[in-house]
Amino acid sequence: MHIDVLTLFPELFPGPLGTSVVGRAAERKLATVGTVDVREFAADRRGTVDEKPYGGGPGMLMMVEPLTLALESIRRPDSVVVMTTPRGERFDQKLARELAQLPHLILVAGHYEGVDERFLASEVDREVSIGDYVLSNGNLAAMVIADAVIRLLPGVLGDDASSCEESHSNDLLEYPQYTRPEEFRSQRVPEVLLSGDHGRIERWRRSEAERLTRERRPDLWEKYLQRQTKEV
Ligand code: 6GU
């Protein structure tokens, strides 16, 4: 898979995408991340990429022409174009899995107070938000999306089990985990985990995952219960 990020701040990349799981995926060419500097496609020599909105109002908008030219410099027939914006559909694990199927994902990092609607109308396939809060621009959101997508690609994680057992992949939060030592400052590892009884361990983990989900994420808990009823 190849991901291109259209951005006004190419120097932010690869940033966190250059380390750990995703960095190793890039080294192994399982996923590559490129950037396109939108400013290079400005019409004037000063590199103007934002302008005041017609009709007035606060802030500046990203101009349609530099964005369109930047996009056309890398677009392929099989590209999907996603713009990060707080008004988009909410990013979640399901959308991450969907985007992980694509050969070429183009992430356009939103900026300033917004973007000329004509760019959205004619070039953008999906507008995506990473949550209900406002970031100062879409670059962190683009990194979040790229990270969540790349780690799902075949071969990126060590063992294939680790991406299907974790939080959110089955609508449950992850159960508590422990490693050495058995006791730390009088806190002991739950006895069941030392029992060697794999059936008991599995039941304990499932019930802990359910308890945490019920307590912390009533929304996920409802989804989980509905799925359970459907499956029976
Ligand atoms: Cl995608 N962009 C910005 N600027 N803020 C956000 C966001 C995106 N998602 C949540 N907050």
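Q: Which strands does helix α2 lie across, and at about what angle does it run to β1?
A: Helix α2 (residues 64-72) lies across β1, β2, β5 (79-90) and β6 (104-109), running at about 160 degrees to β1. The angle is taken between the N-to-C directions of axes, which are lines fitted to C-alpha atoms (for helices over the stretch in contact), on a scale from 0 to 180 degrees. Contact here means heavy atoms within 4.5 Å. This is a predicted model, where local features need pLDDT of at least 70 and side-chain atom pairs 80 or more, while totals for chains, interfaces and linings use all residues. Numbering starts from 1 along each chain as its sequence is written, and side-chain values use heavy atoms, leaving out hydrogens and water.

Q: Why are β2 and β7 called edge strands?
A: The open sheet has five strands in the order β2-β1-β6-β5-β7, with parallel pairing. β2 (32-37) and β7 (126-129) each pair on one side only. From one strand to the next, the twist averages 30 degrees.

Q: What makes Arg214 count as a charge over the ring of Trp221?
A: Arg214 lies over the face of Trp221, at 5.3 Å from the ring centre. The rule asks for NZ of Lys or CZ of Arg within 6 Å of the centre and within 35 degrees of the ring normal, so 5.3 Å meets the distance cut-off.

Q: What makes a space a pocket, and which residues are closest to the centre of the largest one?
A: On a 1 Å grid over the protein atoms alone, a pocket is an open set of points where a 1.4 Å probe fits, with protein on both sides within 12 Å along at least five of seven lines. The largest pocket has a volume of about 510 Å³, the space filled by probe spheres set on the points, which are joined across faces, edges and corners. Of its 19 lining residues, the closest to the centre are Asp92, Gln93, His168, Leu220 and Lys223; lining means having an atom within 4 Å of a point. α3 (93-99) and α8 (218-231) each supply at least two residues of this lining.

Terms used:
Pairing = 2+ DSSP bridges. Helix = DSSP H or I, 4+ residues; strand = E, 2+ residues; numbered from the N terminus.
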